[in-house]
Amino acid sequence: MPLKDPIKRRAYYNEWKKTEAGIKSNRINTWKQRGISEDYDFNIIYDIYVSTDFCDYCDVELVEGGKRCSRTKCLDHHHITREIRGILCNTCNLNEALA
């Protein structure tokens, strides 16, 4: 790591997280931590995710970022098989999880 000073390193990392590469890396790492199968090409999944504007189930327009709401974009996956089921609004994602 080029920045040995922990304060400078933290400031650098916080700025990097705001870049397109940082946002993508953070999103993919979050998916992996939440149990989505490692068998997927996450670069392709990410491209599909960012280009999806409507819920795969109810067709509501999705929103991203900010405070979580009923229309927040979610990458739905089966918690046992770890397979991706679709890109859903938060409401459909929660309903699918309870089904």
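Reader: In this protein chain, what share of the contacts with a separation of 6 or more comes from residues 24 or more positions apart?

Author: The model is a predicted one. In the protein chain, 34% of the contacts with a separation of 6 or more join residues 24 or more positions apart. A pair counts as a contact because its heavy atoms lie within 4.5 Å.

Reader: Which elements make up the secondary structure, and in what pattern do they follow one another?

Author: The protein chain has four helices and two strands. Along the sequence they are arranged as α-α-α-β-β-α.

Reader: Why is Trp16 called partly exposed?

Author: The relative accessible area of Trp16 is 30%. Buried means under 20% and exposed means over 50%, with partly exposed in between. Trp16, at 30%, is therefore partly exposed. This residue belongs to helix α1, which spans residues 6–16.

Reader: What makes the nonpolar surface patch?

Author: Tyr12, Tyr13 and Trp16 make this patch, with an area of about 310 Å². Nonpolar side chains, Trp and Tyr among them, are joined within 5 Å.

Reader: How many residues does the protein chain have, and what percentage of them count as buried?

Author: The protein chain has 99 residues, and 25% of them count as buried. Its accessible surface is about 7,100 Å², with 51% belonging to carbon and sulfur atoms.

Reader: How many side chains are positive and how many negative?

Author: There are 16 positive and 15 negative side chains in the protein chain. The centres of these two sets are 11 Å apart.

Notes. Residues numbered from 1 in each chain as written. Predicted model: local features only at pLDDT ≥ 70, side-chain atom pairs only at ≥ 80, totals over all residues. Heavy atoms only, no water. Buried < 20%, exposed > 50% of the residue type's maximum accessible area, 1.4 Å probe, protein only. Areas by Shrake-Rupley, 256 points an atom, 1.4 Å probe, with all protein chains shown as cover. Lys, Arg positive; Asp, Glu negative; His and termini not counted. Charge placed at Lys NZ, Arg CZ, Asp CG, Glu CD. Patch = residues over 30% accessible without salt bridge, like charges linked within 9 Å, V, L, I, M, F, W, Y side chains within 5 Å. Salt bridge = Lys/Arg side-chain N within 4 Å of Asp/Glu carboxyl O.
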